Amino acid sequence: MTSTVSGLAAVRFALDRTSPVPLYHQLAQQLEAAIEGGVLTPGNQLGNEVDLSVRLGLSRPTVRQAIQSLVDKGLLVRRRGVGTQVVHSQVKRPLELSSLYDDLEAAGQQPTTQVLRNETVPAAADVAAALGVPEGGEVTVLERLRFTHGHPVAFLCNYLPAGLLPLDTGRLQVTGLYRMLRSAGITLHSARQTIGARCATAEEAARLAEQEGSALLTMQRTAYDDTGRAVEYGTHIYRASRYAFDFQLLVRP
């Protein structure tokens, strides 16, 4: 059936009442797919539970349970006097050697960037070790905030060997670092990456529009070109409420 509630007119629901999958879960899955696919966008209103239950032919507890599951995921929010509203879709990024900008753009997330820092600094011990340069030698440091649909999703800190390529701040605001590396003739081949999690400091929370102590995903990555040279070392933090790593696990033969 097709709902006519404001924000849902373009969504086609297919609820199978003979399926062993609970109706609330079917509804939640289809709403989440509509959000991730851009059919439902931030700001769209779903109406209240009574209206939804009548329009979808479901019980009110079923609709409430479906909505609550998406509220818990951070995809929907309940606002008094307004009803239920789409907040955003969570970014699910594959574990591949790709840039956040390219992944967000491919997913229709409308990425934008604010460059906070672009300068040459002496390499600290950990940076020097990652890039294979002398400690205290010159490296370029980039600090950027990455946004989707106008909301911050990640704080990115990257180090590159000084002089590796021109890093124009204006260009960094409208494209991704890996795209600039490719344009400079640098072929990315492999990377070593570590993923973790921790709580946001007050400064990080302010940057990412989160509460102090909120969950953050962390990533450290050293990327190498096709000659085996380290060309980039990054330490990134992501809002766990809006971001997830997605990967497939295979059984070894």
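In which strand is Glu143 found? I located Glu143 in strand β6, which covers residues 138-148; helices (H or I, at least four residues) and strands (E, at least two) are DSSP runs, numbered from the N terminus.

I note that this is a predicted model, in which local features need pLDDT of at least 70 and side-chain atom pairs count only at pLDDT 80 or more, while totals for chains, interfaces and linings use all residues. Residues are numbered from 1 along each chain as its sequence is written, and side-chain values use heavy atoms, with hydrogens and water left out.

I looked up the exposure of Glu143 and found it buried, because its relative accessibility is 15%; buried means under 20% relative accessible area, exposed over 50%, and partly exposed in between (1.4 Å probe, protein chains only). Leaving aside neighbours within four places in sequence, I found Glu143 in contact (heavy atoms within 4.5 Å) with residues including Gln114, Arg117, Phe155, Cys157 and Arg207.

I then turned to helix α2 (residues 49-56), where Glu49, Leu52, Ser53 and Leu56 are buried. Seen down the axis of α2, these buried residues fall within an arc of 100° and so line one face of the helix, the arc being that of the directions from the helix axis to the C-beta atoms. An α-helix has 3.6 residues a turn, so residues three or four places apart point the same way.

Ala209 has a positive phi of about 60° although it is not a glycine, and I placed Ala209 in the loop between α8 (202-208) and β9 (215-225).
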